[in-house]
Amino acid sequence: MAIDIKKVLLLGGGPTSIGHENELDAAAFERVMALKKTGAQIIYVDNNPFSFASEEIQPANVYVQEVNFQNVINIIDKEKPDAIMATTGGLNAMQIAWQLAESDVLTTNNITLLGMRPTDLKKVIDNQKLRNLLTEINEQVIASKIVANDEEAMDFVRDVGFPVIVKPISPSHDTSRFICNNTDELEDALEVSFKRTYIKRCSIEQSIVGYKEIEMVGLRDSNGNKILISGLEDMDPIGIHSGDSIIFAPTQTLINEEYQALRTATFRIMDALNIAGTCHVQFAQSRTDSNYFVTKVSPFFTRNTLLAAKATGYPLTYVSSFLELGYTLTEIKLPTKYSKYLAFMEPTMDHVVVKIPLWPFRDITDVDQHLNTLMKSVGSTIGIGRTVEEAIIKAMHSSQFSPRDILPSVSTVDDDAVINQLIHPLASRILILMEALRRGFSIDELSELTRIDRFYFYKLNQLLRAQDFVINNPLSAQAVEIGHNYGFGDGMLAELWQVNISTIRRINRNCNPVTYKEVEPSAGEFRETTNIFYSSYELENESKSDSGKTALVIGRGGNQLGPNSAADYYTSQILWTLKKSGYKTIIMNTNPNAVSLTPQLSDKQYIEPIQLGNILNIVSLEKPDVMFLPGNRHYLSNELEKFADLNMIVLPPDQKVAKYKNHQATTAIDVFIDQDKIIPITSISFFTRSDRTEVRYINDYQQPMEQWQTDETELISKALKLLDTSKWQGLVQVLFNKVDSHYHFSGIRPIRITETAFLTKTTGVNWVNALVKKHLGILDFNQLEKQLIPETHQRYSIMKAHFPFRELQSSRTDGTTRQEVGASLSFKNMSNT
Amino acid sequence: MTQRYLILEDGSAYAGKAFGSLATTTGEIVANSTMNGYQEIISNQIYHNQIIVFTQPSIGNTGLDQNAYESILPSAKGVIVREYENLATDHFKRISLDRYLKQHKIPGIYDVDTRQIRHHLQQFGNMKASIVDVADDHAFDQLHATVLTNQQVAQVATPKPYPNPDDGDNVVVVDFGLKSGILRELSKRNCNITVVPWDSSSETILDLDPDGIVLSTGPGAPFNLPDSILQMIRDVQSQVPLFGMGLGHELFALANGAKVVKMRVEHHGSNHPIREIITNEIFFSAQEQGYAVDPKSIDHAKLFITHVDLVNGTVQGLRHRDYPAISVQFSPDGAPGPKDSVGLFDDFIEFMARRRDSNGDRY
Amino acid sequence: MMGKIILDKMAMQRALTRITYEIVEKNKGVEDLVLIGIKTRGIFLANRIADRLQQLENVSIPVGELDITNYRDDIEHDSMSADVKMSNNKIDFSIEGKRVVLVDDVLYTGRTVRAALSAVMDLGRPKSINLAVLVDRGHRELPIRADFVGKNIPSSQKEKIKVYVSEIDDKDAVELIK
């Protein structure tokens, strides 16, 4: 029975951090689009300046505030919503929902918590209650105890023995777990953990290190109907955080009995919790018998919930929104492009998806880089293929930092280091696994050392054999065919043979052309039109080029420190603008958490490595009228420029064109330039955490500048004089360094991605939209000018960067712009200053 | 790697690489989209005389497990898959898929566009196919000339009765091409099982003093079997609780006056929601069906429709109005496939318990 | 005191489903059928059976609610008139000539059912009375037998059987409590 909702409060995911990328924003965006269909008024709270979801809501209904208990209570008092949706706000939002229930705010205000009843939510949030519940329904949980001091911890260990895992209760973030094999390690772990808990309690549990980690994502409606979206298998064993693990969908090494047992367990858990919506359950599966433990129950959106949806093509966010509103699976009407049965058909896959995480160790080097129970990755990329090998290689391409299409070599690592890294893995884990195979380690030996299933070594071995064949048979049609079959793109073949990519494309003319297969949840039973494609060299091509004006937008791939999720925000704005300007939009991206891959933003999605060969293949098929390429892909833009018939626009702009007089700045004037016209936008004050003024340490921004009352007008006119419109176009920032109340000019640069998002949130003008339109020649300059009537400043807008230092156990507090993981936005009234 | 061909009755041919046996075979081609349990699928007798296209892209990953065969002698005519992995042994001492297929003379082809084949079959319906060395006119002539047997049940079912003793309810399983999953579920519930040949008479069966009777799954069309089987069903259903599955369900329907039709495209998968009418709940189970009970032909004074497939509307479950006799089209044993409906075996056990409680006075 | 789940939600659903079919089977249809649930949980179970009959036969079967407190044999109530005794009940249909199915959660000594039979008899003369219970735990003290049983759960008298229904208990389950 659908619940009648007039006004719903949606809790946002907050700033991105380790453990939380833009998946929550992507889910919230899709949810907002779905909720709009119900006619309900949406109130949104989030202080993530890179939130795309919030821009689809009436500005008056968006509360730019930290998502915390007190703020939510204040919003409830003011808005009087009749329902709350917390499932797209991560664990934080669920905890707030629980607090609201505990403190009777929900009952007093007659607010429905959507998705779960408060009594059931309590069973999930409270670990001991969850354990009781699981035990009651005959699901095994690992022995665990909550301890308040070292003595209690020792008592526990005397009972169950080492190894044990220690983690803080109500931690400051949800990623810290320590495996302890002996008393010394236990003491260290307890010391750190007691420091991190708000309530001075730690949990200690029996370790299941080495078990397989299997994840299940299911949906349930209020009538008790359930479907399983997908099973996911972590290649890495328990002991490496699931967020740092290479993940396969569907599961690869479970026999039917094991798989079905976990499926049934997932359903039983969803039933016991009366969930209406989605639930992600994690299991530890024994390698030697059919025993398993339930390790985590997340009845809300997680990274891997979204991965399961991406992997199958099932419109999970859309469907779960309606499930939370009380609709049953059979009542939900999907957008017309899907077959009418799809909402309640269990997804089946005829492809393989591999997710490889991205770690921040290039930007933050002085931390422990070992992969363990503490999550360290900041992003991930996926590869999709028709075979396991193809999917692995594509995910590997996509996860490389190298601008060129080549996998880094670890051939110089000595044997001892290889063995060491097999046992204590680093970010380069998969390359080391392949290197070990190349050096003749046996599969049994490797499986023993790494606790990785032998299956994966067989697959890696086949990749190595294919690679050897390709290397040993340069420029042969057969080598191209085998290379293609195993997922080596044209670009990779060109790199392996040290030739130009057009040579490969010439050889390929006699081979099978690339084909695109649709990612859809019926495994070919129905002609679904999800319009999500991946390449494979087979017979049938399912992607047909669109008629009409088309635009191809190249995404940013997996999140990395620096612009991080702001980059994807930018890509999403490009797509949205193009779509609203009448273009058929095509996005190419590999980030499973990307907002830019939500179905509403594009007419077509290619989940393909963002590499030259893959782009050229898509360009040949789609013949886009215009193509957008991110400015940081220099190699790609240089290579693509050789293809004269490409109408290529570089956005976001390349920061390398910045001109610095010196690298010190405190203040800036932001302007927009279209041909010879300049609109001053605003002034900005920069802040650094340590009173430094070096540009690379500028992480915090305030709009308008300090002392704008006296200095802004003068500084703007100073800036305008410095700008040569024949050199600078678009969003441009003039930097000044204030020394002893004098503003010294220090440089000009394109406005950075994060600041562009900040400007859009604070000025009420969508600057990405303006840039895109300018490039397309459809910008209405006068209208833009009108939108920006200079007004007396009412408030300060402040954006502060967040760094992942604490999660990475670094003692640093101040970082560079390249080390940012996210940011928070706030406003301050002038009168308060 | 030997190149071999899958050729279809309508003239299409697909080149791929050989694995398993190098035999040349002909059968009906069907696509199966269940994502787990290639071993259970290949060893299911229901695939007698059929070539199975797996839409699951990669099979063989876990070898073959001694505990997961659905029959001792598989009789599928071929396996078509995008990719296979030839993993041999691990902790469980499993054997490899390639070796298994060679042992049982089942040819396989991999590295073919199975997604295209699936699309092709969805569009053009069921057809004959062959796995051959050369896709020439001769091969197509042979394919066209081959008449597939309609005596599948006689070929795969046990010719002699055999026991599977335990100390619980006496259950007689009529073997039409039985899958072991049914026996496993009955054994878990301590049933004292006697498996009898498909053509056993009602006297033979009732003489075994059964507490309940199971009509097993099996290959082929129900209307190719003699009417004596329908008479047997009518005789026993009024005396003893009855549970039919797959072919057993189709026979139960025929015995009670319903019609069974051949589907244009066989459905093999576990992705269709099955609605239980009485509770209005949906669940999933492996379905391997080439035939379907026509809902319009049901005599509602005799039978309840208990389950329907929400995608294609086919009858998925029946129950007699007057007796505890039920049948389902799908495989509730979940070997392979979801275990959502494994409770049907508990219901069957309860039927038998109720019958004992009432000392047979209901009959 | 630790409860052990004997019937989980699924098993409970199935038991009610099976009972529903058996009711139709035994009564050769649903003609003249009425359900009467005995006090708290029997009422919810009766309603669920009625929902199932609605799904199955597309008929609306009347469901009555019976509180047998005033009919218990351990209470002095001879002085009460039938009207007073029945005052806690909600049976707004005639049972004259009907096929009545009494529904309760647990069948134990049989005293509750005996009381229910008395109460029903006070209401009129039904064509037949049958008894449906979710659990039969044995230890009968009266010659009473259920016609439809969800599950036989042999139990010692020291043990307790607790039936939970999600309408009021936040879950569906039958637990054996030692």
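# Reading interfaces and salt bridges in a predicted model

Author: Over all chains, the count by the rule used here comes to 83 salt bridges, a salt bridge being a side-chain nitrogen of Lys or Arg within 4 Å of a carboxyl oxygen of Asp or Glu. This is a predicted model, in which local features need pLDDT of at least 70 and side-chain atom pairs count only at pLDDT 80 or more, while totals for chains, interfaces and linings use all residues. Residues are numbered from 1 along each chain as its sequence is written, chains are lettered from A and ligands numbered from 1 in the order in which they are written, and side-chain values use heavy atoms, with hydrogens and water left out.

Reader: How many residues of chain B are in contact with chain A, and what area is buried between the two chains?

Author: The size of an interface is often given as the accessible area lost when the parts come together. Here buried area is the accessible area (1.4 Å probe) that two parts lose on being put together, summed over both. For chain B and chain A the value is about 4400 Å², with carbon and sulfur atoms giving 48%. In terms of contact (heavy atoms within 4.5 Å), 50 residues of chain B meet 57 residues of chain A.

Reader: How many salt bridges and polar contacts does the rule find across the interface of chain B and chain A?

Author: The rule finds eleven salt bridges there. One pair is A:Glu538 and B:Arg82, whose side chains meet at 2.9 Å, N to O.

Reader: Which elements give two or more residues to the side of chain B that touches chain A?

Author: Helices (H or I, at least four residues) and strands (E, at least two) are DSSP runs, numbered from the N terminus. The elements of chain B that qualify are strand S2 (13-20), helix H3 (114-124) and strand S17 (281-283). H3(B) gives the most, with six residues. By class, this side of chain B has 14 nonpolar, 21 polar and 15 charged residues; Ala, Val, Leu, Ile, Met, Phe, Trp, Tyr, Cys and Pro count as nonpolar, Asp, Glu, Lys and Arg as charged, and the others, Gly among them, as polar.

Reader: What area do chain C and chain B bury between them, and which three residues of chain C supply more of it than any other three?

Author: Chain C and chain B bury about 2000 Å², 47% of it on carbon and sulfur atoms. C:Arg14, C:Tyr21 and C:Glu25 supply 33% of the area that chain C buries against chain B, more than any other three residues. In this interface 21 residues of chain C are in contact with 25 residues of chain B.

Reader: How many salt bridges are found across the interface of chain C and chain B, and which element of chain C gives the most residues to it?

Author: Six salt bridges are found, including that of B:Glu350 with C:Lys151, where the closest N and O atoms are 3.3 Å apart. Helix H1 (9-26), helix H2 (39-57) and strand S6 (148-152) of chain C each supply at least two residues of the side that touches chain B. H1(C) gives the most, with ten residues. The residues on this side of chain C divide into five nonpolar, six polar and ten charged.

Reader: Which parts of chain A does the salt bridge of A:Arg439 with A:Asp415 link?

Author: In this pair the closest N and O atoms are 2.7 Å apart. A:Arg439 lies in the loop between helix H14 (429-438) and helix H15 (443-450) of chain A, and A:Asp415 in helix H13 (residues 415-423), so that distant parts of the chain, 24 residues apart, are linked.
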